[in-house]
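Biologist: Before we use any labels, I would like to hear what each one rests on. Please show the structure and take my questions one at a time.

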Amino acid sequence: AYEYWDNILGVVEEDSIILGAGTDDEFISLYMQEIEKISPGVEVITVESLTKDWRVKKINEELGTELNVAKTREEAYDLFGEIIDEFIDRRPVYARVRLENINYYQNLYGPVLKIEKSENIYPNPELIHEIDVVKDENGKVYIVYMYILYGMNEFKNENNEDGLNYFLKAVEIDNESYDAWSNLGYAYYTLGDNGAAVIALEHALEIEYSLELENLIQEILVS
């Protein structure tokens, strides 16, 4: 968990606000910032912290806000929305949780994704930090996962070429990702490019065995 937060604090701007999840996020980040003085200007706010009087008081003092203590997690998510509305135009705002209760913003996954106002339920890939600023493999996993989500969403909406490009980007970032290669194989298969599909699926099988993929390869080869 320490390395995880070292990664997050290392890639965001010094005046960022990070919306986190639970108690571990809160205390690990506070320790790193208060004791080790790592990125002390970053404000980490979690669902749990918004239910505690002392934390809300500290947040209000540091941000100049007038937030009330949340009595439930649902109220805490509503406060996330207030924080986004207040600071979206003034400070970088990041999230490592899914903001599923704030449907007029992007639903976000991962540690280094910036929130911007959007009608989409999926984030814009341009908001992802490129891999060269991510400090460890943990960050790479989240970025690949996001591109896979984009690709799945595009195929769901029948934007198949766009979906294929997202899977290609995922493979480019992590050439050893089973999920990236298997989804790329399914994408090629859907588009009717059986040769490319077999190559991608076989690469996925080299990384991790799957009876389902093996059967699909055989089905493609005999078709």
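Modeller: Take helix H3, residues 53–63, which contains Asn60. The model is a predicted one.

Biologist: Why is Asn60 called buried?

Modeller: Its relative accessible area is 16%. Buried means under 20%, so Asn60 with 16% is buried. Beyond four places in sequence, Asn60 touches Thr65, Glu66 and Leu67.

Biologist: What makes Lys52 partly exposed?

Modeller: Lys52 has a relative accessible area of 21%. The partly exposed class lies between under 20% for buried and over 50% for exposed, so Lys52 at 21% is partly exposed. Lys52 sits in the loop between E2 and H3. Its C-alpha atom is 6.4 Å from that of Val69, and the two residues are 17 apart along the chain.

Biologist: What makes Thr72 a cap of H4?

Modeller: A side-chain oxygen of Thr72 lies 3.1 Å from the backbone nitrogen of Glu75, at the N-terminal end of H4.

Biologist: Which residues of H4 are buried, and what covers them?

Modeller: The buried ones are Ala76, Tyr77, Leu79, Phe80, Gly81, Ile83, Ile84 and Phe87. Their cover includes E1, E2, H3 and strand E3 (93–95).

Biologist: How do you know that E1 and E2 pair?

Modeller: Two strands pair if there are at least two bridges between them. E1, residues 17–20, and E2 have four bridges, in the parallel sense. Gly20, for instance, has Thr46 of E2 as its bridge partner.

Biologist: Which residues of E2 point one way, and which the other?

Modeller: In E2, residues 43–46, Glu43 and Ile45 point one way, while Val44 and Thr46 point the other; all are buried.

Biologist: What does the chain consist of, and how much of it is buried?

Modeller: There are nine helices and four strands. Of the 223 residues, 50% are buried. Among contacts between residues at least 6 apart in sequence, 49% join residues at least 24 apart.

Biologist: Where is confidence highest, and where is it lowest?

Modeller: Helix H8, residues 194–207, has the highest mean, at 95, and strand E4, residues 113–114, the lowest, at 56. Over residues 97–112 the pLDDT stays under 50, although the model has 63 contacts there beyond four places in sequence. Residues 116–139 are also below 50, with 55 contacts beyond near neighbours in sequence. The chain average is 75, and 73% of the residues score at least 70.

Conventions:
Residues are numbered from 1 along each chain as its sequence is written. This is a predicted model: local features need pLDDT of at least 70, side-chain atom pairs count only at pLDDT 80 or more; totals for chains, interfaces and linings use all residues. Side-chain values use heavy atoms; hydrogens and water are left out. Helices (H or I, at least four residues) and strands (E, at least two) are DSSP runs, numbered from the N terminus. Buried means under 20% relative accessible area, exposed over 50%, partly exposed in between (1.4 Å probe, protein chains only). Contact means heavy atoms within 4.5 Å. pLDDT is the predictor's confidence in each residue, from 0 to 100. A polar contact is a pair of N or O atoms within 3.5 Å; within protein, one must be able to donate a hydrogen and the other to accept it, and residues adjacent in sequence count only if both atoms are side-chain atoms.
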